[in-house]
Amino acid sequence: MLAEIAHIGADPRGGYLRPGYGHEDRELREWFGAHAEARGLEVHRDVNGIVWAWWRPRGSAGPAVVTGSHLDSVPGGGGYDGPLGVASALAAVDLLRERGVTPSRPVALAVFPEEEGSRFGLACLGSRLMAGAVAPERALALKDRDGTTLAEALIRDGLDPRHVGMDRESLDGIGCFVELHVEQGRGLIDLGHPIAVGSSILGHGRWRITVDGQGNHAGTTLMADRRDPMVAAARMVVAIREVARDVPDARATVGRIEPVPGGTNVIASRVSFWLDARHPEDAVTAALVTRIRDSVERIAAEEGCRADVREESLSPTVDFDRSLRAELRAALPGAPELGSGAGHDAGVMAGAIPTGMLFVRNPTGVSHAPEELVEDADAELDAMSG
Ligand code: GLV
Ligand code: MN
Ligand code: MN
Ligand code: MN
């Protein structure tokens, strides 16, 4: 199934570039919709852009068992982060039917939009809107790199911005959610096991750091006369690494940086970059960011610049539902439990309904990069065959 979408949103620099609420997203949604309809599932897209495919076997009743993931990607992303969980959801329906299992509860497959936040900066945008974890007014004003607001993107994508937001009715129809996902580190390589039951998600957040200096001419401005925000930002990136290295289990990353205006012979007037910081204890994340903020302000002053650090999002550490974890472990004898350093829609959904995750081994241990991999044999392992 994944081979059918291998050409969609290929990033010319390698891997995939599949931003949420865009045309790649539409093509991927159509692929999912076609597969779901071919299976006789009832497909609809909700007010927040989440695509649902329902299987309501005769006699089934009560809140649904939901599985699924996302189809958008980070820039240069791999082919499995998201799509593996969507293809696996379709495959699970096939398998249940082949084995003659008639679920007593309705089953729904879900595809969440803009999970990575690669376009609008806020990860898990679809699930956050649905769960009421972001205010619609704030979400609608988010802008992409071209200055398009989410509100405008929704209209272009056939959705009505006036209707986005917490979707109590859908939430009430869900009994539990399980997201299957490629493992994004080397946890399962080290454990020597093909699959794991998710235990937790590392607390994480994003901060936007803006450094203002004096734009000027590269040839006429003496080195001593410069207030160069690019130099300040470079020192800040190194300082962030040093601060994070000092805190056991902390992760801090700067993966996106924009000099303004960005010319070879121009000293930038402004540099803005994003900090991604994570730690299992939320209090430690807060302390880490305070230390980073202090370093950033000190360096800005030393370079004759001004810096502003603004929190864009903060997601506390999540522990998945204990009884669901026990059920998943019982279905997968011998499977270890594994925490996730990566964020997922499952982390947002866990705030609203019982939620769990499954991870499939990634033999390269690399993710958010084209080298991300899943072996067919690992992906095809299934709970019912033990
Ligand atoms: C999502 O993949 C994240 O953890 O950034
Ligand atoms: Mn993902
Ligand atoms: Mn991801
Ligand atoms: Mn000139």
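Author: Asp212 has Arg306 as its bridge partner in strand E12, and its bridge partner in strand E11 is Arg270. This is a predicted model, in which local features need pLDDT of at least 70, side-chain atom pairs count only at pLDDT 80 or more, and totals for chains, interfaces and linings use all residues. Residues are numbered from 1 along each chain as its sequence is written, while chains are lettered from A and ligands numbered from 1 in the order in which they are written.

Reader: How many bridges join E7 to E11, and how many join E7 to E12?

Author: Two strands pair if DSSP finds at least two bridges between them. Strands (E, at least two residues) and helices (H or I, at least four) are DSSP runs, numbered from the N terminus. Here E7 is joined to E11 (residues 270-279) by ten bridges, and the two run antiparallel. Nine bridges join E7 to E12 (residues 306-315), again in an antiparallel arrangement.

Reader: How many residues of E7 are buried?

Author: A residue is buried if 20 or more other C-beta atoms, placed from the backbone, lie within 10 Å of its own, exposed if 12 or fewer, and partly exposed in between. Strand E7 (residues 203-212) is mostly covered, with seven of its ten residues buried.

Reader: Which residues does UniProt place under "binding site" together with Arg206?

Author: UniProt positions are given in the numbering used here, feature names are shortened, and annotations may be inferred rather than shown by experiment. An unreviewed UniProt entry gives "binding site" for Arg206, Asn265 and Arg278. They span 73 residues in sequence, and the farthest two C-alpha atoms are 36.3 Å apart, so they do not all gather at one spot.

Reader: Are Asn265 and Arg278 buried or exposed?

Author: Asn265 has 7 C-beta neighbours inside 10 Å and therefore counts as exposed. Its place is the loop between strand E9 (251-260) and strand E10 (266-267). Contact requires C-beta atoms, placed from the backbone, to lie within 7 Å; beyond residues up to four places away in sequence, Asn265 touches Ala218 and Gly219. Arg278, located in strand E11, counts as buried because 23 C-beta neighbours lie inside 10 Å. With the sequence neighbours up to four places away again left out, the residues touched by Arg278 include Leu202, His204 and Gly341.

Reader: Where does UniProt place the other "binding site" feature, the one with Asp81?

Author: The unreviewed entry places that feature at Asp81, Glu116 and His368. Although spread over 288 residues of sequence, they cluster in space, with a largest C-alpha distance of 10.0 Å. Asp81 lies in the loop between strand E3 (64-70) and helix H2 (83-98) and is buried, because 28 other C-beta atoms lie within 10 Å. Its contacts, apart from neighbours within four places in sequence, include His368 and Glu372. Glu116 occupies the loop between strand E4 (107-112) and helix H3 (125-131) and is likewise buried, with 23 other C-beta atoms within 10 Å.

Reader: How many residues of domain 1 are in contact with domain 2?

Author: Domain bounds come from an automatic or database domain assignment, which here gives domain 1 (2-202 + 317-385) and domain 2 (203-315). Eight residues of domain 1 are in contact with ten residues of domain 2. The C-alpha centres of the two domains lie 32 Å apart.

Notes:
Two residues are in contact if their C-beta atoms, placed from the backbone, lie within 7 Å.
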